Amino acid sequence: MKKIEAIVKPSKLKAIQAGLIKVGIPCMTVVPVKGVGLQQGFPEIYRGAEKSIVLLSKVMIICVVSDENLEKCIDVIIETGSEGKVGDGKIFVYDVLDAIRMRTKTRGDDAIR
């Protein structure tokens, strides 16, 4: 199993969600986040004084998928979430040792289906 964390523009969330549902990956967690990457945000002028770099609003999509669904999930996020510009986001992939569905105590791949 793999955990995918994708940090993307909020405007891309609906398209990514629809794409993942279409390929059979309906489960996700979405968290609003703020940060800067290579684009370094932008300075803001407030009451005549320039403030430091403003953190940009993004969303983090978290999916835990089977090894077979990993590339499908990554491909959908890239195809639907990217505009080919700086600031499109990042995808991180982690190994997941186990998953447990609390209600039934089901473990492993069966717990994420």
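Where is the place of K9? K9 sits in the loop between strand β1, residues 2-8, and helix α1, residues 13-22. Helices (H or I, at least four residues) and strands (E, at least two) are DSSP runs, numbered from the N terminus.

A word on the source: this is a predicted model, in which local features need pLDDT of at least 70, side-chain atom pairs count only at pLDDT 80 or more, and totals for chains, interfaces and linings use all residues. Residues are numbered from 1 along each chain as its sequence is written, and side-chain values use heavy atoms, with hydrogens and water left out.

Apart from neighbours within four places in sequence, K9 is in contact (heavy atoms within 4.5 Å) with K58, V59, E83, G87 and D88. With E83, the side chain of K9 also forms a polar contact of 3.1 Å. A polar contact is a pair of N or O atoms within 3.5 Å; within protein, one must be able to donate a hydrogen and the other to accept it, and residues adjacent in sequence count only if both atoms are side-chain atoms.

Let us turn to the sheet. Four strands form an open sheet in the order β2-β5-β1-β6, with antiparallel pairing; two strands pair if DSSP finds at least two bridges between them. At the edges are β2 (29-35) and β6 (89-95), each pairing on one side only. Seven bridges join the antiparallel strands β1 and β6, and V8 stands opposite G89 in β6.
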